[in-house]
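Hi,

Here is the structure I promised to pass on.

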Amino acid sequence: MEQQVFDSTNGLIGNDWMQALTKVCYPMSLHNRNWFKQIISAQLSGEAALPYGVGLDNSCYLDLKRAINNSEIENLELLWKQPFKESLRKRANVLSEVCSLRAQERNELIAVLVEHANHKAPYALQMAIIVATACLSQSHLWRSLGLKHRDELGALLKYNFPELHAMNTNNMRWKRFFYRYLCQQGGDFVCRAPSCAQCPTYSECFV
């Protein structure tokens with residue numbers, strides 16, 4: 001049976017994205033290799049708010065792991081299947097259901113990131129899907145991704161989405177920045193105040 005993944009219009013990622021994701025992109029940069037390894041390891045250890053596969057279609061997830069080629073991840077995969085990891089698997093299933101329920105929102109976020117992706121950075125499209133998926137969590141984005149601190153998230157975004165990173169001139173928290181960008185493009189997910197000046201949590205948007 002043909003595998004299906006989400007997109008903003010009909011709940012499925014379009015063929016152009018799928019074709020881009022299934023192309024072999026070598027070599028993977030050391031930067032992205034380390035970030036992908038950290039994010040996948042965090043998900044398998046229950047330290048990231050991401051579903052199993054970190055938001056990617058199964059074939060794309062397998063391709064990404066092959067490109068990373070890391071024995072630690074493979075060992076964590078084996079542990080993931082053990083009975084004592086059942087609670088983590090249930091949590092991951094819940095997060096997967098959230099992705100399904102909020103497919104349009106997630107894919108509008110993906111579209112924003114893909115639009116500003118660094119085409120010289122292999123696997124930036126996969127990173128776009130992972131970051132957008134992590135945005136659905138209520139935690140800080142860097143924590144949802146399983147990163148160590150916010151600065152690490154900034155470096156990840158600057159490398160993979162440099163134009164979008166440059167737009168955040170006021171150092172707004174990244175998740176709020178993404179949703180504010182969607183609001184400016186006509187979206188309606190988080191920023192419901194008539195203007196930022198009238199928003200009661202405006203001061204929380206910046207660090």
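Let's start with a question: why is helix 7 (residues 124-134) largely enclosed by the rest of the structure? Ten of its eleven residues are buried, so the rest of the structure largely encloses it. Buried here means under 20% relative accessible area, while exposed means over 50% and partly exposed is in between (1.4 Å probe, protein chains only). The buried residues of helix 7 are Ala 124, Gln 126, Met 127, Ala 128, Ile 129, Ile 130, Val 131, Ala 132, Thr 133 and Ala 134.

Before going on, some ground rules. This is a predicted model, in which local features need pLDDT of at least 70, side-chain atom pairs count only at pLDDT 80 or more, and totals for chains, interfaces and linings use all residues. Residues are numbered from 1 along each chain as its sequence is written, and side-chain values use heavy atoms, with hydrogens and water left out.

Now the overall picture. The protein chain has eleven helices and zero strands, where helices (H or I, at least four residues) and strands (E, at least two) are DSSP runs, numbered from the N terminus. Of its 207 residues, 47% count as buried. The chain exposes about 11200 Å², and carbon and sulfur atoms supply 51% of that; accessible areas come from the Shrake-Rupley method with a 1.4 Å probe, and for residues only the protein chains shown count as cover. Among contacts with a separation of 6 or more, 68% are between residues 24 or more positions apart. A contact means heavy atoms within 4.5 Å.

Helix 9 (residues 150-160) is worth a look too. Its buried residues are Arg 150, Glu 152, Leu 153, Gly 154, Leu 156, Leu 157 and Asn 160. What covers them includes helix 2 (30-44), helix 7, helix 8 (141-144), helix 10 (162-167) and helix 11 (174-184).

Next, the aromatic rings. The structure holds seven aromatic pairs. Rings of Phe, Tyr and Trp (its six-membered ring) pair if their centres lie within 6.5 Å; planes under 30 degrees apart count as stacked, over 60 as edge-to-face and the rest as tilted. Take Phe 36 and Tyr 123: their ring centres are 6.5 Å apart and their planes are at 80°, so this pair is edge-to-face. The two residues are 87 apart and link distant parts of the chain, with Phe 36 in helix 2 and Tyr 123 in the loop between helix 6 (103-115) and helix 7. Phe 36 and Tyr 123 are both buried.

Trp 174 and Phe 178 make another pair, with centres 6.0 Å apart and planes at 35°, so they count as tilted. Being four residues apart in helix 11, they are separated by about one helical turn. Trp 174 and Phe 178 are buried as well. There is also one aromatic cluster formed by Tyr 52, Tyr 61 and Trp 80.

On to charges. Side chains of opposite charge can pair when their charged atoms come close. The rule for a salt bridge is a side-chain nitrogen of Lys or Arg within 4 Å of a carboxyl oxygen of Asp or Glu, and by that rule there are five salt bridges. Here are three to find:

- Glu 72 and Lys 37 have their closest N and O atoms 3.5 Å apart. Glu 72 lies in helix 4 (residues 71-80) and Lys 37 in helix 2, so the pair ties together parts that are 35 residues apart in sequence. Glu 72 is partly exposed at 46% relative accessibility, and Lys 37 is partly exposed at 25%.
- Asp 63 and Arg 66 meet at 2.3 Å, N to O. Both lie in helix 3 (residues 58-68), three residues apart, about one turn of the helix. Asp 63 is partly exposed at 26%, whereas Arg 66 counts as exposed at 53%.
- Lys 65 and Glu 77 meet at 2.9 Å, N to O. Lys 65 is in helix 3 and Glu 77 in helix 4, so the pair ties together parts twelve residues apart in sequence. Lys 65 counts as buried at 10% relative accessibility, and so does Glu 77 at 4%.

Finally, confidence. pLDDT is the predictor's confidence in each residue, from 0 to 100. The protein chain averages 83, and 77% of the residues score at least 70. Over residues 1-11 the pLDDT is below 50, and this stretch has 25 contacts in the model beyond near neighbours in sequence. Residues 191-195 also stay under 50, and there the model has three contacts beyond four places in sequence.

Cheers
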